Amino acid sequence: MLSSILNIIYLIASVTFIIGLKMLSRPESARKGNLIAAGGMGLAIIGTIFLYETSDGTHLGNLPWMFGALIIGGVLGAVSSRKVKMTQMPEMVSLFNGMGGACAMLISLIEFNHIKGQEIELGHYIAIVLGLVIGSISFAGSIIAYLKLSGKQKDISFKGQHIFNLILFLIIIIGAVITYMAEPQNAPTYFYATFALALLYGIFFVLPIGGADMPVVISLLNSLTGVAAACGGFLYNNKAMLTGGILVGAAGTLLTVLMCKAMNRSLLNVIIGNWGGSAAASSTSEQGGHAKEVSLSDAAMLMSYAKKVVIVPGYGLAVAQAQHTCHELEKILTDKGVEVSYAIHPVAGRMPGHMNVLLAEADVAYEKLEEMEDANTNFKNTDVVLILGANDVVNPAAKNDPASPIYGMPILEVELAKTVIVNKRSMKPGYAGIENALFFQPKTSMLFGDAKKVLQDLCAEVKAT
Amino acid sequence: MEQVFSFFNDNQQIIYMVILMIFLGIEVIGRVPSVLHTPLMSGANAIHGVVIIGALIVMGEAAPDNYVAIILGFFAVVLGTLNVVGGFVVTDRMLEMFKKKKP
């Protein structure tokens with residue numbers, strides 16, 4: 001009876017995890033989703049403590065110690081996560097992820113102690129050893145990631161590190177196999193050796209990865225911990241652990257790939273690719289580098305949740321005859337409570353005042369148009385700058401590069417804003433035929449396509465958010 | 001080979017569940033905007049804290065004189081709780097910032 005209730009509780013918990021994760025991927029429902037998953041988790045924990053029945057029908061013992069541990073962990077977790085600054089969030093997530101990995105690792109250690117010296121059933125053994133290896137890698141890796149993000153540990157890479165890591169990984173697999181094959185009295189030695197090597201692998205896996213790529217690595221370790229938790233679910237035939245763990249493992253892996261895409265990198269490139277000094281040197285010496293693209297829905301999201309958006313129109317807008325659509329977007333954003341204005345460069349377009357005329361034609365209110373000087377003082381309070389087919393008028397080379405043909409031209413200093421979204425038809429240089437370093441800045445992202453088409457899609461996306 | 005087959009037969013239900021969950025996990029977060037990447041990662045991080053259930057079971061099943069298991073289990077429960085509580089609270093704090101301001 002009691003254990004059937006517990007099974008229902010586990011089912012509810014699994015469903016809350018799925019719903020929670022689903023809601024977490026939309027801004028308006030994210031917070032609620034997080035609370036729903038937390039509620040399911042609380043239910044599962046309380047249910048396990050009071051309703052779980054062991055194979056011989058008794059309830060869980062050692063309750064005083066258990067509550068002690070829950071209180072210590074709960075207070076530490078609540079206090080440290082309340083106190084941490086917003087900028088330190090990634091390292092905090094990494095630390096908590098490491099705790100989960102360590103938890104899975106300890107479970108495997110204890111379970112191995114139980115079966116030590118006996119014949120081991122294969123499925124049971126695989127769950128134990130997989131939980132141990134993945135948990136240990138995730139634990140050690142997350143701690144290193146935490147130390148690196150908080151500036152206590154520098155990147156360390158040495159020659160042949162990939163080979164070293166690969167060999168280490170192979171030895172871990174061999175160790176796991178030998179433990180299973182070995183005589184029961186020898187098995188613990190191999191098992192603990194595998195454990196130590198897995199910890200070592202976690203350290204060497206994360207050590208060389210550059211600081212900017214850390215969020216990707218944390219996301220990867222996060223999905224690993226999910227798999228480790230699922231191993232525990234297999235071990236105890238516990239469906240909540242199994243579903244929760246696999247769900248995070250799969251979603252986390254996809255999220256890792258998405259994060260790489262947002263940075264215009266591949267996962268392989270992050271893990272073994274170029275990092276540190278060589279990457280930094282090449283991106284500055286070579287004029288191109290990477291311009292990253294932003295998806296329509298991301299751009300729409302950015303703008304809908306901004307306080308102040310400034311639109312910088314250029315010749316591209318005029319060519320596409322997109323002024324009406326542009327006004328449309330402005331109205332939608334204003335309805336959402338976003339402050340929208342236009343920054344007009346005197347030489348934007350092909351004639352002075354080209355943009356003013358164009359926008360006036362579309363009934364854009366005159367007060368919305370800012371002259372260059374005013375715009376430049378306001379950019380630092382701007383969340384998103386949307387550049388529509390303008391190029392040279394926002395090229396920082398005019399300010400920084402004496403060799404540039406447009407050096408000395410006053411420009412709209414859009415790089416003062418928090419984010420810059422550039423809509424262009426292609427990466428081709430603008431009217432003056434020169435490269436624009438703005439496009440390769442980290443805060444800039446590109447939205448390729450015809451201005452009218454892109455604006456129409458943006459309108460639809462912003463409406464939908 | 002026989003072992004593999006019997007493993008599959010014994011655990012069919014679980015294997016099905018794992019495969020379906022993998023697809024569900026990918027489907028569920030398919031179109032997440034990049035502004036939500038970090039909170040979503042953090043939320044998923046809290047969810048895998050479900051590993052604490054294993055820690056509770058292993059600690060509760062330990063015989064009262066099995067000090068190694070109790071001590072290790074104690075740490076496992078502390079760490080698991082940290083993961084769960086810290087994970088959910090951090091996520092909530094991040095998402096607080098996404099609240100839409102009223103015009």
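This is a predicted model: local features need pLDDT of at least 70, side-chain atom pairs count only at pLDDT 80 or more; totals for chains, interfaces and linings use all residues.
**Entry 1: A:Glu461**

I started at A:Glu461 and listed its contacts beyond four places in sequence: A:Leu296, A:Ser297 and A:Ala300. Here I call two residues in contact if their C-beta atoms, placed from the backbone, lie within 7 Å. Residues are numbered from 1 along each chain as its sequence is written, and chains are lettered from A and ligands numbered from 1 in the order in which they are written.

Is A:Glu461 buried or exposed? I found it buried, because it has 21 C-beta neighbours inside 10 Å; the cut-offs are 20 or more other C-beta atoms within 10 Å for buried, 12 or fewer for exposed, and partly exposed in between, with C-beta atoms placed from the backbone. I placed A:Glu461 in helix α18 (residues 451-464) of chain A. Helices are DSSP runs of H or I with at least four residues, numbered from the N terminus. I also checked A:Asp298: its C-alpha atom is 9.1 Å from that of A:Glu461, though the two are 163 residues apart along the chain.

**Entry 2: where the chains touch**

I next looked at the two chains and found 78 residues of chain B in contact with 92 residues of chain A. Which helix of chain B gives the most to this side? It is α5(B), with 27 residues. I sorted the chain B side into 51 nonpolar, 20 polar and seven charged residues. Ala, Val, Leu, Ile, Met, Phe, Trp, Tyr, Cys and Pro count as nonpolar, Asp, Glu, Lys and Arg as charged, and the others, Gly among them, as polar.

**Entry 3: α2(A) against α4(B)**

I found helix α2 (residues 30-51) of chain A packed with α4(B) at about 15°, the axes 10 Å apart. The two are therefore roughly parallel, a label for angles under 35 degrees. I noted A:Ala44, A:Ile45, A:Thr48 and A:Ile49 meeting B:Ile52, B:Ile53, B:Leu56 and B:Ile57.

Beyond four places in sequence, A:Cys103 has contacts including B:Val51, B:Ala76 and B:Asn83.

How values were computed: Axes are lines fitted to C-alpha atoms, for helices over the stretch in contact, and angles run from 0 to 180 degrees between N-to-C directions. Angles under 35 degrees count as roughly parallel, over 145 as roughly antiparallel, 65 to 115 as roughly perpendicular and the rest as oblique.
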